Amino acid sequence: LESDFRPHFFSGVATVVTKLLLAAMPDVAVFGEKDYQQLLVVKRLVADLMLDTRIIGVPTLREADGLAMSSRNAYLSASERVVAARMNHILRDTIAMARGGALRAAEESGAAELLKAGFDKIDYVAIRDALTLEETGTLVRPARILAAAHLGRTRLIDNLAIS
């Protein structure tokens with residue numbers, strides 16, 4: 001999903017993380033689930049290179065209103081900040097709709113709701129397999145809802161587990 005919009009981002013992340021892990025040789029490295037796709041890239045990188053580091057994903061920290069904490073939030077105006085908080089709530093509503101079985105319709109509805117809430121442009125709202133990020137037609141296996149949307153000059157991302 002992200003590489004469709006930022007084609008070279010993950011190769012850069014992989015290079016930097018590899019250099020850091022090889023330099024430090026940690027037993028454990030902790031990455032936030034805020035950028036869930038990046039977390040999966042790092043886990044795959046460590047497995048593929050057979051590095052002796054355990055990668056641990058930790059839950060996204062959120063503001064009281066549900067907005068995922070991010071340095072990008074500093075770019076939001078006061079009115080944009082109010083709109084930004086809606087993303088988490090819309091993703092939760094989209095999950096509820098998806099549990100009814102219509103995943104694609106839920107994704108489309110989630111994107112439409114983000115636009116209605118005041119987001120300027122939606123890059124994606126997608127429900128994917130939690131381990132592979134492949135499209136999934138059902139919620140039989142653990143899944144994740146992932147979203148990226150623009151609000152003013154800020155591009156926000158968020159995701160939630162679907163169990």
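**Note on the predicted model**

1. Confidence. Helix H1 (residues 2-5) has the lowest confidence in the protein, with a mean of 65, while strand E2 (residues 54-58) has the highest, at 98. The score is pLDDT, the predictor's confidence in each residue, from 0 to 100. Across the protein the average pLDDT is 93, and 94% of the residues score at least 70.

2. Ground rules. This is a predicted model: local features need pLDDT of at least 70, side-chain atom pairs count only at pLDDT 80 or more, and totals for chains, interfaces and linings use all residues. Residues are numbered from 1 along each chain as its sequence is written, and side-chain values use heavy atoms, with hydrogens and water left out. Helices (H or I, at least four residues) and strands (E, at least two) are DSSP runs, numbered from the N terminus.

3. Length of helix H5. H5 covers residues 86-98, which is 13 residues. The expected span is 1.5 Å times one less than the number of residues.

4. Buried side of H5. Which residues of H5 are buried? They are Met87, Asn88, Ile90, Leu91, Thr94, Ile95 and Ala98. These residues lie on the same side of H5, because they cover an arc of only 165° around the axis. The arc is that of the directions from the helix axis to the C-beta atoms. Buried means under 20% relative accessible area, exposed means over 50%, and partly exposed lies in between (1.4 Å probe, protein chains only). An α-helix has 3.6 residues a turn, so residues three or four places apart point the same way.

5. What covers H5. The cover over the buried residues of H5 includes helix H4 (78-84) and helix H6 (103-117). It also includes strand E3 (121-129), strand E4 (143-151) and strand E5 (154-162).

6. Helix H6. H6 has 15 residues. Its first and last C-alpha atoms are 21 Å apart, close to the 21 Å expected at 1.5 Å a residue. Leu103, Ala106, Glu107, Gly110, Ala111 and Leu114 are its buried residues. They sit on the same side of H6, because their arc around the axis is only 135°. Exposed Glu108 and Lys116 are on the face turned away from that buried side. H5, E3 and E4 are among the elements that cover the buried residues of H6. Just after H6, Gly118 has a positive phi of about 125°.

7. Strands E3 and E4. E3 is mostly covered, with eight of its nine residues buried. E3 and E4 run antiparallel and are joined by eight bridges. Tyr124 has Ala148 of E4 as its bridge partner. Two strands pair if DSSP finds at least two bridges between them.

8. Strands E1 and E2. These two pair in the parallel sense, over five bridges. Val30 has Ile56 of E2 as its bridge partner.

9. Leu45. This residue is in helix H3 (residues 36-48). Leu45 is buried, at a relative accessible area of 13%. Neighbours within four places in sequence aside, Leu45 is in contact (heavy atoms within 4.5 Å) with Ala14, Val17 and Thr18. Val83 is 38 residues from Leu45 along the chain, and their C-alpha atoms are separated by 35 Å.

10. Thr60. Thr60 sits in the loop between E2 and H4. Is Thr60 buried or exposed? Thr60 is buried, with a relative accessible area of 16%. Its side chain reaches the backbone nitrogen of Lys34 at 3.1 Å. Not counting residues up to four places away in sequence, Thr60 touches Glu33, Lys34 and Ala68.

11. Positive phi in loops. Met25 is not a glycine, yet has a positive phi of about 50°. Met25 lies in the loop between helix H2 (9-24) and E1. At 52% relative accessibility, Met25 counts as exposed. Leu133, also a residue other than glycine, has a positive phi near 65°. Leu133 is in the loop between E3 and E4. At 17% relative accessibility, Leu133 counts as buried.

Terms used. Polar contact = N/O pair within 3.5 Å; in protein donor to acceptor, adjacent residues only side chain to side chain.
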